[in-house]
Protein chains: 2
Amino acid sequence: MEKWKEALTTFIPKQQIFTELADRYSYSFDGSFGEFLPDAVVQVKTKGEVIHLLKVANRYRVPVTPRGQGTCLSGGPLPVKGGIVLDMSQWPATIEVIPDDLIAVVSPSVLTAEINKAAEEHGLMYPPDPSSAHVSTIGGNLAENSGGPRGLKYGVTKDYVIGLELVTPEGEVINTGGRTIKNVTGYDLTKIIVGSEGTLGVITRATLKLVPKPLAVQTLMAVFNDVEQAGKAISKTLTSGIVPSKMEFMDQACTIAVENYKPSGLPVDAAAVLIIELDGHPSAIQEEAEAIEHIMVELGAVNIKVPKDEEEAANIWHARKQVSPAIAKIKPTKVSEDATVPRSKIPAMIERLEEIKEKYQVELVVFGHIGDGNLHPNILCDKRDNEEMERVELAVGEIFQAAIDLGGTLSGEHGIGTMKAPFMEQELGEVGLEMTKRMKDSWDPNGIMNPNKIFPEKGQKLVLRNE
Amino acid sequence: MEKWKEALTTFIPKQQIFTELADRYSYSFDGSFGEFLPDAVVQVKTKGEVIHLLKVANRYRVPVTPRGQGTCLSGGPLPVKGGIVLDMSQWPATIEVIPDDLIAVVSPSVLTAEINKAAEEHGLMYPPDPSSAHVSTIGGNLAENSGGPRGLKYGVTKDYVIGLELVTPEGEVINTGGRTIKNVTGYDLTKIIVGSEGTLGVITRATLKLVPKPLAVQTLMAVFNDVEQAGKAISKTLTSGIVPSKMEFMDQACTIAVENYKPSGLPVDAAAVLIIELDGHPSAIQEEAEAIEHIMVELGAVNIKVPKDEEEAANIWHARKQVSPAIAKIKPTKVSEDATVPRSKIPAMIERLEEIKEKYQVELVVFGHIGDGNLHPNILCDKRDNEEMERVELAVGEIFQAAIDLGGTLSGEHGIGTMKAPFMEQELGEVGLEMTKRMKDSWDPNGIMNPNKIFPEKGQKLVLRNE
């Protein structure tokens, strides 16, 4: 047995260390693309175990890739360089809500939706709502800085993290931030750790900010026969002084896919469907709903559906959640992106995506959190078809270029991971990337934490083909 | 002439470089404590000049201390190690509001209040509102991550910065973040630069997030004969599901000081005054105002004033703004702190401050943004009195210890600078401070950017006496 594996067992119970091929295989993939076999999987349950593991890994220069439930869409939990997958999912799940301070203190293995459920018992809300909230852990959300539909009004995971306990790559423990909303004591380590995709250490506890649960919620669905008109209606709404809590878009391919997968009453003839949610004081949202209806009709909506009760509203949101699984049925491979543009550039981005689809003859469908410019163009393909995948690679590269050209960014909420790393320099520039790397190297001098994520290797290109 | 001064003149016009004693003296102090003479003052007006200056300073190892309008309360712009004061105040002030994207792009020399004024022309708001907003620059606000009364509902400067242009300590230019609300492309360099007090480079442009201006605003003033009762009323309000936009506290010493300075009709007999502001939809804030009145009366408020028009409300807020200048008249020296505690610990902190005042027999007055736990205990003293200043030093140390004991932090919005550096390890721990320092060193290997701020020297203690 290799020395580092032996060294692990001096503190971590053997039944938490897995080296059989079958076990390692289960940890070789995530919700994105590619398979990479780790040398070992270690399930940790205490801070002491994480400290021990990182000290051993650092001594023996073994790569460590932390993992929650593996739902990541950008390759965060993929053990690209082998080594150890650090499985956090078996850590005891604890949520302590402190309503007087409007905070919750959580362990990394907690499922995100459970935090919101615990907050609701106190009339509070944890706003970030990634579509995977029922299956993904807060640890994974912290690593990737996950978003979700409510990002439009409430922001993303980072905006709700005020304190962290972290084990550094060298196995030391630090506490960042605290329990106060205002804190300017030293550098904001909390916000650089959130979204660093496990490259700066392992988060073992988080303090999250909660907000009072809105008094009322109202959903609206608007149907358009023309995508451009829908784009204009979105812009007009967002500059009207109203901030919806959610504003989602589906193109025709998505509505057809959902109706084929789980019929939900979506209008399959329409070119575009917008689903909007307002929250707040009942009088306020009633006025706002009327104003939005007016805008939608004025800009060409052919139908507006206002659900008459919570159940009808829930059905509409359920249909929206089916988009991702439904389109995954169309072809064997789904390449999912989350390039994001400034709000005013949403119509231009939709146009660029249409051009890319034509140019490369790829099956590109579009849905997503359109209100904050965070679209999800998905390309449906077959990874066994090398000729098709070559076109997909080119199309993905051009999607990123379009987002950057329009003043946007490679990723709004899924993270960089492996797939977007080759495009980092395009957005950050050589010096920007170098300064980021300096921070990484200063914390992880031996480069053991989640190697090959975020930072591209020299000359690295996006490869979706098996060569 | 020293070589570095000569090197500056090869690119920066001579009339922007000041080396006379009288000029240097004007830049030797800020709004905090202590005087430090720089070797030169350089007024820069372009990015090219900043690049040149930093390249020269880095080559010759000359300390550089950036400065806006010098209103800082924690020593940020003090040239503690001499060298160059980089005066940003003469940079052309530019504000570009892009209403469709809900953002503003600003130059560092812009006065903060001007940003909000420009936003208002488009029905928008820039929420951060430090009391100095009419005289302080956004560059200074970015360096210190300034707060203000609206922090309670809206957060601080950092929460509104989505992109920066920065000249690194080695004179390279990077662009962080961008123009989108969602952005998870690489580490969040933006949020580590904001609040880093000029130790990581010089900000030359910022992209700020704006929000729709609230439809209505309502002020309330509640008067208490007992500080503890006021504390309980605050807690009850904050856990009622209402989030006021502002919630300010003044103790009796403050109201008396204001009435002696500029009579404003404050109740000088009262032990505590709370000033609350609600904003949002008119129906919502009317209900909320009634609920708060009810809570205040229930918990012992002896009087509640609801201003009948905007002018009356403005008068109340004007009185609040007079606290700082008014108490400064009481004694020659004002030592101003901004220790912050979790909301539920506000009454406990008020009690600890009372004990500290008694124990060290110091003239301690308390006001501040009590709704987010961000109090401003101020000690009024005379720096020429060494015996008194020794007691003040001990009292300040104990204020910080009390905040940390209660789960709070050294600074909520003023920054660490020179005065709080000796207490950093108490809050961050040895490893936390070391990890912060590693980031600093990785960006500024020669340690030229604003030395002796945030990071304490070995064995550094708070000294307020002239020895």
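This is a predicted model: local features need pLDDT of at least 70, side-chain atom pairs count only at pLDDT 80 or more; totals for chains, interfaces and linings use all residues.
A search of the whole structure finds zero disulfides over all chains.

**Cysteines without partners**

- Let's start with C72(B), which takes part in no disulfide, as the nearest cysteine sulfur belongs to C381(B) and lies 18 Å away.
- A disulfide is a covalent bond between the sulfur atoms of two cysteines.
- Buried or exposed? C72(B) is buried, with 10% relative accessible area, and C381(B) is buried as well, at 0%.

**How the two chains relate**

- Two copies of a chain are related by a rotation about an axis and a shift along it.
- Here, chain A is superposed on chain B by a rotation of 180° with 0.0 Å of shift along the axis, and the RMSD is 0.0 Å.
- This is what a two-fold axis does.
- Which residue of chain A comes closest to the rotation axis? That is M439(A), whose C-alpha is 2.7 Å from the axis.
- The copies meet through the same surface, because 100% of the interface residues of chain A are also interface residues in chain B.

**The annotated region of chain A**

- An unreviewed UniProt entry carries the annotation "domain: FAD-binding PCMH-type" for residues 34–213 of chain A.
- Over residues 34–213, chain A is 22% helix and 24% strand, with 40 Å between the end C-alpha atoms.

- In chain A, five strands make an open sheet with antiparallel pairing, in the order β5-β6-β10-β8-β9.
- At the edges stand β5 (95–98) and β9 (173–177) of chain A; each has a single partner strand, so one side of each is left without a neighbour in the sheet.
- On average, neighbouring strands of this sheet are turned by 15° against each other, direction ignored.
- Strand β8 of chain A (residues 161–167) pairs with β9(A) over five bridges, in the antiparallel sense.
- What is the bridge partner of E165(A) in β9(A)? It is N175(A).
- Helix α3 of chain A (residues 47–60) packs on the sheet, where it touches β8, β9 and β10 (202–209) of chain A.
- The direction of helix α3 makes about 55° with that of β8(A).

Terms used. Residues are numbered from 1 along each chain as its sequence is written. Chains are lettered from A and ligands numbered from 1 in the order in which they are written. Side-chain values use heavy atoms; hydrogens and water are left out. A disulfide is a pair of cysteine sulfur atoms within 2.5 Å. Buried means under 20% relative accessible area, exposed over 50%, partly exposed in between (1.4 Å probe, protein chains only). Copies are superposed by least squares on the C-alpha atoms of residues with pLDDT of at least 70 in both. Contact means heavy atoms within 4.5 Å. UniProt positions are given in the numbering used here, feature names are shortened, and annotations may be inferred rather than shown by experiment. Helices (H or I, at least four residues) and strands (E, at least two) are DSSP runs, numbered from the N terminus. Two strands pair if DSSP finds at least two bridges between them. Axes are lines fitted to C-alpha atoms, for helices over the stretch in contact, and angles run from 0 to 180 degrees between N-to-C directions.
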